[in-house]
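Hi everyone, thanks for making time.

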Amino acid sequence: GLFNSVGKTSCKNGPKKDGAGNLYCPTVGRIRHIGPLFNQSNDPAGGLPITANSIVVGPTGGFGWVLQLDDGPPKSLRIDQIEVDSSTTLMLAIPYPQGTSFSISANTSPWCSPSNTHSCTDEFAAVDSIQHVRYSQGNKYYYDTNTKMLYIRVIMFPLTYTGDNLNSPTAMWHLWDLDDPNNKPWDKREHALDRYSFSGITLPKYSTGNYLQITADCNQGSASSYCTNTPSYVEPQVCPLGYVQVSYDKCCVSAESTNCVDFTAPPTNSPTTLPTFGPNSNLFYNPGFEDSTLTPWYANGGTVQINAVRHSGSRSALCKDRTASWMGVEQDMIAGGGRFVANAKYRVSCWAKLKNAVSATIKMTLRTEDDNGPQWKGVSKAINNNSWTFVEGGLTVDSTGTLAAAKLYVNGPSSGVEFWVDDVSAVLIP
């Protein structure tokens with residue numbers, strides 16, 4: 001591949017040009033922030049240059065980065081030496097021709113041997129919107145057939161494994177935080193992720209040996225390692241109507257205005273279009289509470305706060321000030337596109353943990369309303385204050401006549417008991 005030429009035929013030590021004046025380390029592509037503020041009319045160079053010996057450093061968060069290579073989309077792309085804190089999101093977009101299929105994985109060091117307590121590779125799953133990639137645990141990807149763009153979330157994971165049993169009985173992938181402990185006795189690192197701390201400041205520190213791998217199955221172009229027919233890049237509309245992009249992560253009424261909106265939603269080709277959902281999609285918006293606000297969740301009685309104690313990622317929902325067992329955190333599953341429909345069955349799940357009680361029963365309750373009035377059903381499980389517990393079950397949206405309401409909330413413990421909820425999921429069962 002291109003990187004294997006580094007130090008041999010390109011990007012060598014010594015002279016920077018050959019006898020004919022050609023660079024030994026020429027530009028092979030460009031990378032830039034997503035959004036019209038950074039398009040070619042504002043930056044004719046097309047972004048920062050990429051060479052065979054490519055190291056990219058820049059602000060994370062915001063709308064993401066877009067990578068374009070001169071010879072076409074890469075058939076094989078390896079991303080390593082990653083330094084991205086899970087509290088911020090780095091989206092990467094790459095244009096690929098229609099009909100391309102993908103195999104994307106996280107891979108650890110070659111000496112890893114899988115077991116029940118740790119895994120060595122994790123295959124990413126395809127989802128059906130940019131939003132689902134952005135709010136995922138990092139192991140999802142999306143190909144937008146309208147803009148012909150592949151989207152992944154670039155995440156940092158441990159050097160010696162891709163899944164652990166920190167929050168589950170067996171090895172499971174999750175979004176690691178810099179403070180997550182390393183629970184592998186054969187690995188002497190204190191924390192799962194390499195990090196650097198000084199004077200109270202902690203920064204991510206890359207590892208050497210683990211990497212993300214993108215393999216694209218496409219028609220080969222004139223260059224053997226690239227796809228043919230690079231699609232024309234379609235700039236996603238990143239700002240709401242009436243706003244313009246003023247930075248990589250902010251939109252305002254004008255460049256001088258203080259009437260601004262900080263970025264909360266992922267870039268889409270049409271900012272007013274809700275994400276679509278496929279058969280394997282998680283139907284909750286903001287399922288891991290990773291957005292800067294609780295929306296579209298809300299308190300079904302009591303108080304619900306975004307909290308730093310989490311099962312994965314950087315946030316969870318803390319349910320407190322409860323004066324009845326039915327109080328908790330709730331989301332309307334009809335608002336925003338009718339995600340729950342009449343007489344369909346869904347697999348629902350969440351992770352939960354108690355704060356101020358030793359044990360209690362947690363419930364995922366579905367409240368529906370049809371021509372016969374309101375109805376309640378749910379799934380439940382005992383949880384504790386020592387570890388996160390996985391709650392899962394099937395729920396059918398039974399309905400007679402018109403389905404007027406479908407709201408799902410997490411509740412159950414008695415009055416006064418506080419609990420955390422994270423990584424909530426609802427998937428349609430065919």
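Predicted model: local features only at pLDDT ≥ 70, side-chain atom pairs only at ≥ 80, totals over all residues.

Let's begin with cysteine 112, which is joined to cysteine 120 with a sulfur-to-sulfur distance of 1.9 Å. The torsion about that S-S bond is -75°, and the link is left-handed. Cysteine 112 has 15% relative accessibility, so it counts as buried, being under 20%. Cysteine 120 is also buried, at 15%.

Next comes the disulfide between cysteine 218 and cysteine 227, with the sulfurs 1.9 Å apart. This link is left-handed, with -80° about the S-S bond, and both cysteine 218 and cysteine 227 are buried.

Now for cysteine 252 and cysteine 260, which form a disulfide at 1.9 Å from S to S. Is that one left-handed or right-handed? Its torsion is about 100°, so the disulfide is right-handed. Cysteine 252 is buried, with a relative accessible area of 3%, whereas cysteine 260 is partly exposed at 27%.

Cysteine 350 is in no disulfide. Cysteine 319 is buried at 1% relative accessibility, and cysteine 350 is buried at 0%.

On to the rings. The count of aromatic pairs comes to 10. Take phenylalanine 289 and tryptophan 297: their ring centres are 5.0 Å apart and their planes meet at 40°, so this pair is tilted. Both phenylalanine 289 and tryptophan 297 are buried. By contrast, phenylalanine 340 and tyrosine 346 are stacked, at 4.0 Å from centre to centre with 15° between the planes. Phenylalanine 340 is buried, at 3% relative accessible area, and tyrosine 346 is buried at 2%.

There is a cluster to look at too: ring pairs link Tyr96, Phe102, Tyr141 and Tyr143.

Finally, a word on charges over rings. Arginine 78 lies over the face of tyrosine 211, 3.8 Å from the ring centre. Lysine 184 lies over the face of tyrosine 161, at 4.9 Å from the ring centre.

That's my tour, and I'm happy to take questions.

Key
Residues numbered from 1 in each chain as written. Heavy atoms only, no water. Phe/Tyr/Trp six-rings, centres within 6.5 Å; stacked < 30°, edge-to-face > 60°. Buried < 20%, exposed > 50% of the residue type's maximum accessible area, 1.4 Å probe, protein only. Lys NZ or Arg CZ within 6 Å of the ring centre and 35° of its normal. Disulfide = S-S within 2.5 Å.
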